[in-house]
Amino acid sequence: MPVITLSLAKEQILNHLILKKSFLKDYPKPGVIFLAMDFVLQDSHSRKILSDAVKNAVQSLSFDCVAGIASRGYIFSSMIAEQALHQSNPKGEQLIQKVKVKDDSRFVQMGTSTEYSSDDLQILKGTIQHNKNYLLADDLIATGGSVMTAIQLIRDGGGQVDKVFVMTELVDQGAREKLKKIGVELVSLLQFTQQDLEQLLILQEACQIKPVEYNLSQHQGKVMPPLIVHIASQSIVKKAAVERAVQDAFHPSVMKMVTHDASSDISKQPLGYEETAKGAANRLDAIRKEVKEEKNILLVSVENGVRYAEEEKSYYDFVHVMLEKDGIIYETTKDCCQVPKELIDQSHLQKEMTWGQIAKKQGLVTSDSDPHQNMLFGGVSREEHIRQACMQALGHPIPRMIHLKEMKHSVQHQPIDLYSTQWNIDKDKKKKTDFKVFSTGDAFSILLPEVDVQDMPVNIHVGMDHNQKFSSLTLLQEALQMCRTVREQGAESITVALPEQYHPGLHRNQFNELLKDLFESQGVDRLYFYDKNYQGKIETASPEIVTFEKKQPVHIVLCCSSNKPFAEELAKCLKARGENVEIFIIQGEAGRAIIPLDVDLSGATVTLVQSTRPNPDDEKTSLEYDKNGASSYFFETMMVARQARLRGAKQINLVNPYQFGARSDKSEDNPKGKVGAYVQQNGSLLEESGIDHIVTAECHDQHTLSGSYMRKNVTSSAVPALTLISTIVAKQWLQSPHEGKFRLVEPDAGAAKRTKELAQFLQPLLGDQLHESRVVGDKERGSHQDDSAHISYLSSGGIGINAKDKYLITDDETATGTTLCQAIQSLKNKGAQDISVVVVHNNMPLDWLTRQLCLARFLFLGVKDLHFSDTQEMGTLAKDYEDLVQTHARRTSKSSKEVENEIGAWFKKNLPDSSLDDFKNIFSQLSHRVTVHSLADAFADKLVHHPKPSVFARSTLFSAASQMAINRASPSIESEQKRHMLL
């Protein structure tokens, strides 16, 4: 029987093996490439593909029992046995183990030698069924040592073996011939030579998340000759740049990179085009002499130089690239960036040093071989600069060499071909009725109603000769319209055939580059180009020149200066919802903040996470906050949002758990007439900086949210934090032993509406255990400053306070906690025993000691437990009184005595009639009775499910023309920011 051929199954299995990085180099010993199945087997989808392929491979084989060789052979014998269970003649399964105890009389044992090691195998005596035909299964066969031993064990026990199944066969090792000599046929799913395995390793390293293309000698019927790329330099930067460029153009598994120590025979810092080009030519001559006997080679020479622009009185760094293929030389020159004159002058004075070495010596850059790496001078990194230049030079020889790139076409459906009604094809060769056609043949074309493209591959053929009825531009617009249409109607893939004049490699111009980008934007997967002999079939067009990589949508979380733990937790919650999340921390602060330059924001959804207060453990930032308040974070947010917009973000969200300026509403002299003025101003500024959607946590009332963020071009949503945390507290109370009811406390009239809404939400959960009567406080203020607020009394109605009831005091935020403590004390004085406090926003003092004292006061006055959200960072809590004193002494360089005096002064002012010794005992309870609840999951839900903003024309800053200008300018803007940071 021939080797099993399952082309589709093989393709799927290979794709999964490579995507899962299953090939291990030099394991278990140097020179061996090992196939590790672990990642494939733990993925249910991959395992099913493999299992189905195994079952299909053996379904036509005749056997009575199946035997698996330890350890991975059991995996495949189990798959086969499982398949056999569903047949009319179910099979038994035999396990062939590795010897654990030598000379164990209960087993039949036999020595074996494999390509990796020497292991003995054994079978439990009496388990082989006489005269039964066994199908032996294993994961891999190389020399066949283990398999031959297992066959002998079965035959010695009275069984028969005439077939062996393996997933992978290493054909170079000759096992098939060995088995044939003893009357055993080998059936294998995958067959590899050593060269195949080496190519698979290359593919595995180059592969990211997309399915791979491969061409292996045992799978395609012919072997592609490898393309040997000779680089006239041993520079790591140049090698990496050339390798990336060539891998973009050719299939990575048919390439070999060779570097040479080739001399340029010019100055170390070439000046001008002539000297630089001469250096590149000298390098090329040097390697040409070394490799002139080889076939199918590409010679690459790269020389970096500096040119002087007389009209601008400036120096520019540039690169000259020379390629040689089949005796033809292709050259290109590409500028990178402007170089300060001072660096060039010094390199002239020190002739043995390049300007990059001078810059490194001065501490301006970290790498002299890639002085552009930090983009201090603008442009791109030197590696990227050389890669781009190589790609330009490759635009010429690519059509001659493109046959090296393996083509892949859909195997699921016959493609639908779409032509315009005026397609100019010889009628004797093709009839218009043979094709699915557009309905009108101009820029307003639509699909005919009977054309169903759902889940189908679609080919769109663009004709240019229409008897002058339509211009070529109209026909291109027609094609773009059809691409959009078929994509919207569910096409699986789109291939477009264009006339050769639009080939961006053969005819390099700005319009052809623009066309490539336009077709990609309309969902096209690949472009083909044809000449005058085109017959209307994709197969008769030139080979594929452009394949657009379809990126999985990326959700970038940018962690700003405040509340990094919340940002990290939010990223985890977004990942749990299936978002492709990457998290980055911005560099710098306030107006100097920049997004890391290596973060690709183009087309991404970007979420900025910025709270409004620092971590109280960070004494330096806390002191800065005393001077700036939230202003630093506010401008930082707008700075980062603007950069994200300039760098191509598709959607910009702001997660601002505690709103900028939320407290400012309270300082207005006329609340009725001016409520929301400050936050409305903030909203307009955030809108102008480019933010599309804002998610915050409720604060005060809904007027704050609506007044701030419900703007023309911005959507917003609020997380009901108070409800979420209060629900947790209520559920915990329900599950614990209790006699009384659950009763809500509103510390002031301003909380009445909020508390009423909370009661309505908790009613379904608590039922009749929720007390219908709430406790209401009367807060008096001489001004809107928290320190002067005072709760004169708490009204509990005619029913009074029941000591068995549970009392929940809620507030949106607290500063020192003074007013809440007045409510707590009033409740305790009236007999309440079980009191919990929920506060959404922890705006307590940033001074670490004062914060601990304020928290302890809650518990000292009778609060059973204290709940906050993580919208603001809590910081560390004192473990006990001794830890309180020692920690603050260490932070402030004060003596323990000074700290204790400070604590005593605070205690005397805030708890004058209480026992200090009793108060000290509270600190050991802080970590147990203060709970911080994460709202990250609720925020993630708002980000994933919020209504998308409608498409709109932004302000003048983001008009189409201005946007293009800004995008062109943005690299220099970011470089300038980077330069300021470095200096």
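Predicted model: local features only at pLDDT ≥ 70, side-chain atom pairs only at ≥ 80, totals over all residues.
## A buried tyrosine and its ring partner

Residues are numbered from 1 along each chain as its sequence is written, and side-chain values use heavy atoms, leaving out hydrogens and water.

Rings of Phe, Tyr and Trp (its six-membered ring) pair if their centres lie within 6.5 Å; planes under 30 degrees apart count as stacked, over 60 as edge-to-face and the rest as tilted. This rule gives 15 aromatic pairs. In one of them, the planes of Y502 and F511 meet at 55° with the ring centres 6.2 Å apart, so this pair is tilted. F511 has 35% relative accessibility, so F511 is partly exposed.

How are the rings of F566 and F939 arranged? They make an edge-to-face pair, with 5.3 Å from centre to centre and 90° between the planes. This pair links distant parts of the chain, for F566 sits in helix α17 (residues 564–576) and F939 in helix α31 (residues 936–945), 373 residues apart. Helices here are DSSP runs of H or I with at least four residues, strands are runs of E with at least two, and numbering goes from the N terminus. F566 is buried at 1% relative accessibility, and F939 is buried at 0%.

Elsewhere, ring pairs build a cluster that links F860, Y881, W906, F907, F919 and F923.

Now for the strands, which pair if DSSP finds at least two bridges between them. Five strands make an open sheet with mixed pairing, in the order β11-β10-β12-β13-β14. Its edge strands, β11 (255–259) and β14, each pair on one side only. On average, and ignoring direction, neighbouring strands of the sheet are turned by 25° against each other; axes are lines fitted to C-alpha atoms, for helices over the stretch in contact, and angles run from 0 to 180 degrees between N-to-C directions.

Strands β13 (residues 314–325) and β14 (residues 328–339) run antiparallel and are joined by 11 bridges. Within this pairing, C337 of β14 stands opposite D317. The two strands form a hairpin with two residues between them, and D326 in the turn has a positive phi of about 55°. By contrast, β10 (residues 227–231) and β12 (residues 297–309) run parallel, with four bridges; H230 has L299 in β12 as its bridge partner. Helix α13 (residues 382–394) lies across β12, β13 and β14 and runs at about 45° to β13.

## Charged partners

Side chains of opposite charge can pair when their charged atoms come close. Here a salt bridge is a side-chain nitrogen of Lys or Arg within 4 Å of a carboxyl oxygen of Asp or Glu, and the whole structure has 23 of them. One joins E384 to R244, at 2.9 Å from N to O. It links distant parts of the chain: E384 is in helix α13 and R244 in helix α9 (residues 236–249), 140 residues apart. E384 is buried at 16% relative accessibility, while R244 is partly exposed at 34%.

Another salt bridge connects K516 with E513, whose closest N and O atoms are 3.3 Å apart. These two lie three residues apart in helix α16 (residues 510–521), about one turn of the helix. Back at R244, salt bridges that share partners join R244, E383, E384 and R387 into one network.

## Nonpolar cores

A nonpolar core is a set of buried Ala, Val, Leu, Ile, Met, Phe, Trp, Tyr and Cys residues joined through side-chain atoms within 4.5 Å. The largest has 43 residues, and I809, L827 and L884 have the most contacts inside it. Elements giving two or more residues to this core include β30 (806–814), α25 (818–829) and α26 (848–860). The biggest share comes from α26, with eight residues.

Which residues does L884 touch, not counting those up to four places away in sequence? They are W848, L849, Q852, L853, A878, I903 and F923, where contact means heavy atoms within 4.5 Å. A second, separate core has 39 residues, among them L140, A142, L200 and L201.

Methods:
Buried < 20%, exposed > 50% of the residue type's maximum accessible area, 1.4 Å probe, protein only.
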